[in-house]
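Hi everyone, thanks for making time. Please have a look at the protein on the screen, and then I'll walk you through it.

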Amino acid sequence: EQKYIHHLIELMEQYPKPILGVSLAGQDAKTVYRAQGKRHQAVFYATPERAVMALAKMVEYQWFQDHC
């Protein structure tokens with residue numbers, strides 16, 4: 001799991017795009033994973049629906065910044 005988290009963070013460092021994960025560990029799993037010396041953090045949601053909702057809010061916020 002740590003190798004996977006590190007790989008996600010590396011991809012976000014390389015490409016300036018968000019990557020949202022879905023944890024299969026259940027509701028008690030950690031949400032944010034940090035990597036020392038990295039600008040980005042890996043974020044995992046308990047369900048795919050929550051991840052999609054978060055991404056939709058990011059898109060909505062970006063639109064607001066661009067048009068207001």
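Let me start with a term: a residue is called buried when its relative accessible area is under 20%, exposed when it is over 50%, and partly exposed in between, using a 1.4 Å probe and protein chains only. Please keep in mind that this is a predicted model, where local features need pLDDT of at least 70, side-chain atom pairs count only at pLDDT 80 or more, and totals for chains, interfaces and linings use all residues. Residues are numbered from 1 along each chain as its sequence is written, and side-chain values use heavy atoms, with hydrogens and water left out.

Now the overall picture. The protein has 2 helices and 3 strands, and from the N terminus on they run α-β-β-β-α. Helices here are DSSP runs of H or I with at least four residues, strands are runs of E with at least two, and both are numbered from the N terminus. The C-alpha trace spans about 40 × 30 × 15 Å along its principal axes. Of the 68 residues, 18% count as buried.

Let's turn to helix α1, residues 2–14.

Which residues of α1 are buried? They are I5, L8, I9 and M12. These residues cover an arc of only 95 degrees around the axis, which puts them on the same side of α1; the arc is that of the directions from the helix axis to the C-beta atoms. On the other side of α1, K3 and Q14 are exposed.

And what do the buried residues of α1 pack against? Their partners are β2 (32–34) and β3 (41–45), where contact means heavy atoms within 4.5 Å. On contacts in general, among those between residues at least 6 apart in sequence, 56% join residues at least 24 apart.

Q2 and A35 are 33 residues apart in sequence, and their C-alpha atoms are 9.9 Å apart in space. L11 also has its place in α1, and is partly exposed at 25% relative accessible area. From L11 to V52 there are 41 residues in sequence and 19 Å in space, C-alpha to C-alpha.
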